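Open the model in your viewer and keep the selection tool ready. The tour moves from one selection to the next.

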Amino acid sequence: MSLQVVTANRLRDGRVIYLDAADGWSTDVAAARLCEDEAAATAALAIAAAAVAARRVVEPYLIAVERADGAVSPTRYRPVRYREVIRAFGPSIAAGTAAKET
Amino acid sequence: MYRYDEFDQRLVDQRVAQFRDQVARRLSGELTEDEFKPLRLMNGLYLQLHAYMLRVAIPYGTLSSRQLHQLAHIARRYDRGFAHFTTRQNIQYNWPRLEDTPDILAELASVEMHAIQTSGNCIRNTTADQYAGVAADEVEDPRIHAEVIRQWSTLHPEFSFLPRKFKIAVTGAQHDRAAIRVHDIGLVIRRDANANVGFEVVVGGGLGRTPMVGKTIREFLPKQYLLSYLEAILRVYNQLGRRDNKYKARVKILVHETGVEEFTEMVETEWRHIRDGAIDLPAEEVARIRAYFAAPDYQTLSAAPPEYTAKLAADPTFADWVRTNIAAHKVPGYAIVNISLKPIGGIPGDATADQMDAIADLAALYSDREIRVTHEQNLVLPYVRQTDLYLLWQELRRQGLATANLNLISDIIACPGLDYCALANARSIPVAQQISERFADLKRQHDIGELRLKISGCINACGHHHVGNIGILGVDRRGEEYYQITLGGTPDEQAAIGTIVGPAFASDQVVDAVETIVDTYVGQRQDGELFIDTYRRIGNAPFKESLYGNH
Ligand code: SF4
């Protein structure tokens, strides 16, 4: 089966976060705990459910990741679906910069 | 401008206090996410791809300088120094923290604003023509009636849990700038044969999965009956709308499935029961509201004064901007100024806090402290003297706000798409940016002429792609971003839904495809034809041929 990690949003500020190996949460997908089989994924979701109950995170779910070619990605693993790539590294645009002079 | 009375202010203040309590209870664990979610949505707070998103209502698109300064302050203090104007005359913050939102709502309430009715299955913020009160072709200022609708619909207990969301738009002009025919209800202020003022009532328009142009169910409604007639429509819809299927729950499906005649008959029957009850406002109350929208103290000026025409002759860049971005004002010597939020390569509808402050200051100097927001994601200064235009333009230029592209190909409507939106299939903004860069040459844009290009990141169609002359829809094709192109849509009084031209394009092909479409038009157009005219004359086939002919 494919490699998976658990992602969610942090309750207080809504930021995208990933469950890490120490049962904590990181905004960096590179720090995410890798689940290599179904049992590991189930265990990770159970930890996430506890974090939901503890009011740390909302809406946790599993995403597939793949080993990244270092040239493409700033991290060793990156999400497979581009929606999750944008969630991890986006927005893909430089927002909030003043418009160019015309 | 309308000012809150004590009831308006109390209602909004109470709502802030309630939400503060709800957020505290969520953070303390008293409320679960399932319990809290509907409460936050009722206050415009969504959870998007990267963070929470707060959508703030700008009723009928009218803002004071003070309010715009406050929106800038909120962007700076609680967000990342910018915000996004939407196709529903709302403004969105992309990065607010949950724990800050009660304070943000309190800051909004202090300038008579809120985020109520920007989400959920209720009557949403009522939108209006951005040239309200100043358009030369206007029968009456639509904001008076939009304000009446706002007061009636705000937290209306009977209509807070409709089958689906419900959007109303009003125009008082002949040329429709508010896309009223693609709203659940569109109202056009008209005169009857005896010069009485009333409304043409259009029902069942909408975009999304099943796009439809609204149908006129009443050619003329005497204006004193506005609310009872709206109430009759909402009652029929509330009772019969398809609550069993989210995708069939909008009133457009009800009108379509029931048939216009039968639907109209049901509305008229309901209306006969309630029309002489207590719903419609007494004339004095309407007059009280009307007084808030009194015109500013216009000076008696001559049209096109010499110092203005001299500048036009001397400075071609200024003249280009005037040609595209200035609209005719009903009062001689005045101009309606459109501020494009579509700089070349920029993010459609985004404004930085500094830009918002600058515009608010310019409005205070030159436009009676008033700003309008358009559904096309631009801003308007409605009361500018022609003699002030040159100075104003120079100031706007300094802020990067003088792009002379209104209604041209780079004046693109684009929804946030997959860069922000949790529902998206594909990104919209980078596509808009690339198209804008491709057509950056203003001379070329002017030569192409008026062309409405609109992009949505999914079938929900927040970017109005169905009514774009060129519409682009992001789709997910086996995990890749693809873009489907429709041609021939129009949002105005001749509203039409575009037709799909052929198979979707990959993200690295879509800009070339747009250029091919434009070149085909330029090659085929006859004298004076706009893109849409040529399209209507020659249809999809020549475009299809040039896009797919070799395959
Ligand atoms: S059209 Fe789709 S992607 Fe774009 S803002 Fe609306 S829901 Fe999001």
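Start by selecting R12(A) and E99(B): their side chains form a salt bridge, with 2.6 Å from N to O. Keep in mind that this is a predicted model.

**The interface**

How many salt bridges does the rule find across the interface of chain A and chain B? There are two. Next, select the residues in contact: 29 residues come from chain A and 47 residues from chain B. The size of an interface is often given as the accessible area lost when the parts come together. For chain A and chain B the buried area is about 3000 Å², and carbon and sulfur atoms give 54% of that area.

**The ligand**

Now select the ligand and the residues around it. Cysteines in this shell include C415(B), C421(B), C458(B) and C462(B). Also select P416(B), G417(B), L423(B), A424(B), S456(B), G457(B), N460(B) and A461(B), which surround the ligand as well. By class, the shell holds eight nonpolar and four polar residues, and no charged residues.

**The second largest pocket**

Move on to the second largest pocket, with a volume of about 610 Å³. Which residues lie nearest its centre? Select H175(B), R177(B), N407(B), E450(B) and R452(B), which belong to a lining of 35 residues. Then colour α11 (316–325), β11 (326–328), β12 (334–339) and α17 (531–538) of chain B, the elements that each give two or more residues to this lining. The largest share, three residues, comes from α17(B). Coloured by class, the lining shows twelve nonpolar, twelve polar and eleven charged residues.

Key. Residues are numbered from 1 along each chain as its sequence is written. Chains are lettered from A and ligands numbered from 1 in the order in which they are written. This is a predicted model: local features need pLDDT of at least 70, side-chain atom pairs count only at pLDDT 80 or more; totals for chains, interfaces and linings use all residues. Side-chain values use heavy atoms; hydrogens and water are left out. On a 1 Å grid over the protein atoms alone, a cavity is a set of points where a 1.4 Å probe fits but cannot get out, and a pocket is an open set with protein on both sides within 12 Å along at least five of seven lines; lining residues have an atom within 4 Å of a point. Grid points are joined across faces, edges and corners, and a volume is the space filled by probe spheres set on the points. Helices (H or I, at least four residues) and strands (E, at least two) are DSSP runs, numbered from the N terminus. Ala, Val, Leu, Ile, Met, Phe, Trp, Tyr, Cys and Pro count as nonpolar, Asp, Glu, Lys and Arg as charged, and the others, Gly among them, as polar. A residue is near a molecule or strand if one of its heavy atoms lies within 4 Å of it. Contact means heavy atoms within 4.5 Å. Buried area is the accessible area (1.4 Å probe) that two parts lose on being put together, summed over both. A salt bridge is a side-chain nitrogen of Lys or Arg within 4 Å of a carboxyl oxygen of Asp or Glu.
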